[in-house]
Amino acid sequence: MLAWFTNDTDTTPGAADLALEALAADLRARGLPVAGAVQRNLDLGPDCACDMEMIVLGDPGDPVRISQSLGPGAQGCRLDTGALEEAVARTAPRLAGAGLVVIPKFGRQEAMGRGFRDLIGQAVADGQPVILYVPRQQQAAFLDFAGDLAVRIRPDQLRSWCLDRFAAAS
Amino acid sequence: MTKRALVIDDHPITHLGASRLLRDLGYDPVGQAMSGEEALDQLTRDPAPDLIVLDISLPGAGGLDLVAPLLAAAPDARILVFSMNDQTGFAARALQAGAQGFLSKNAPPSDFRDAVRTLEAGEFYLAPKQAMALATLRAGAAGDPLGALSDRERQVLALIGQGHALQAIADQLGVSYKTAANTSSALKKKLGVDGINGLMKFALDSGV
């Protein structure tokens, strides 16, 4: 099963990342086998863009910094795509045996066939429930990718959807 | 011996997943087509696959109508219909159309593997629950309300099951709208169902 959510009301930057990180932490604290990755945004102050890092669940190594410094005033995309692929590569071997896979988002990279896209397909093929965030701008691309295999849930249903998956599997 | 497969689905995630499972089962290459037209085009150029995994909700010419041309192009291929719609009626129709298996996309990967191995053995595959539902449907055929229907009523029911509106049904059968509407009313009465949605559900469930 593949569940996705978007934020129609809470437009706070990084709200979805915070929600998924809290969700993963809560489920793992309950001892549930959760794999995948979550994105953390480090606020560097009002004059600086956030640093973004990817935390690979269950990986003892340091988070992968996926943003790059382009200098003050830079307008380009700050995502370090090489670092994102490194995070994906570190996530992949940790999926085996997980009862739930958390994927930070189906973003522009995934829409272009990169990032976590193949990992989502792999997890679904292996029968693992997957939950992820889809920004509004990528919804059409995501639905082209997943079609009716994807179930949309509301942000307030994240925890219950995940717990239901574990309950169904037990 | 090399086994070839072709996956026909308009969503990349199914290609990713099915290709992975098929490669694990020894299929290589695993061809991909996003539409029926693309699949038929591939079959004119590439060696015929041993197995075709077919989604029935495809854009353009698709659905179960695609089974016959696929088998004409690849007569030795076994066809596994792989669909989100897991109603028993659809499974029955898939087998009637010439497919050898029907599997819900919600089924676990182990069922996918079972289905492929079953087809490889030359047998037909339905998930156990679906096979049971189909058998129950068939066993109930003696007291089958369908038996009480006229040919015209069966035709109308089938067209309702395909999602046609009464005017379209009337046009297709060359009868007036009133006749189609009267037949629909008679069907509801004979089958004990309410509304056009009830008839549609009955048609799908019974595989008419």
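Ground rule for strands before I start: I call two strands paired if DSSP finds at least two bridges between them. Helices (H or I, at least four residues) and strands (E, at least two) are DSSP runs, numbered from the N terminus.

Housekeeping: this is a predicted model, where local features need pLDDT of at least 70, side-chain atom pairs count only at pLDDT 80 or more, and totals for chains, interfaces and linings use all residues. Residues are numbered from 1 along each chain as its sequence is written, while chains are lettered from A and ligands numbered from 1 in the order in which they are written.

**Entry 1: the sheet in chain A**

I began with E1(A), residues 2–5, and its pairings. E1(A) and E7(A) run parallel and are joined by three bridges; Leu2(A) has Ala150(A) as its bridge partner in E7(A). E1(A) also pairs with strand E6 (residues 130–133) of chain A, again parallel, over four bridges. There, Trp4(A) is partnered with Leu132(A).

Zooming out, I get an open sheet of seven strands in chain A, ordered E4-E3-E2-E5-E6-E1-E7, with mixed pairing. Which strands sit at the edges, pairing on one side only? They are E4 (64–65) and E7 (150–152) of chain A. I found an antiparallel pair in E3(A), residues 51–56, and E4(A), with two bridges. Glu53(A) is opposite Arg65(A) in E4(A).

**Entry 2: Gln39(A)**

Gln39(A) is in strand E2 (residues 34–42) of chain A. Buried or exposed, I wondered about Gln39(A)? My cut-offs, with C-beta atoms placed from the backbone: buried means 20 or more other C-beta atoms within 10 Å of a residue's own, exposed means 12 or fewer, and partly exposed is in between. Gln39(A) counts as buried because it has 23 C-beta neighbours inside 10 Å.

For contacts I want C-beta atoms, placed from the backbone, within 7 Å. Not counting residues up to four places away in sequence, Gln39(A) touches Asp17(A), Met52(A), Met54(A) and Pro104(A). I also checked Gly127(A), 88 residues from Gln39(A) along the chain: their C-alpha atoms are 24 Å apart.

**Entry 3: chain B overall**

Chain B has 10 helices and six strands, and its C-alpha trace spans about 60 × 35 × 25 Å along the principal axes. Of its 208 residues, 38% count as buried. Taking contacts in chain B between residues at least 6 apart in sequence, I see 62% joining residues at least 24 apart.

The six strands make an open sheet with parallel pairing, in the order E2-E1-E3-E4-E5-E6 (chain B). Its edges are E2 (27–33) and E6 (125–126) of chain B. E5(B), residues 101–104, runs parallel to E6(B) with two bridges, and Gly101(B) stands opposite Tyr125(B).

UniProt, in an unreviewed entry, puts "modified residue: 4-aspartylphosphate" at Asp55(B). Asp55(B) is in the loop between strand E3 (51–54) and helix H3 (67–73) of chain B. Asp55(B) is buried because 25 C-beta neighbours lie inside 10 Å. Leaving out neighbours within four places in sequence, its contacts include Asp9(B), Asp10(B), Thr14(B) and Ser83(B).

**Entry 4: where A meets B**

The contact takes 13 residues from chain A and 12 residues from chain B. On the chain B side, helix H1 (residues 12–24) gives the largest share, six residues.

How values were computed. Contact = placed C-beta atoms within 7 Å. UniProt positions renumbered as here; feature names shortened; annotations may be inferred.
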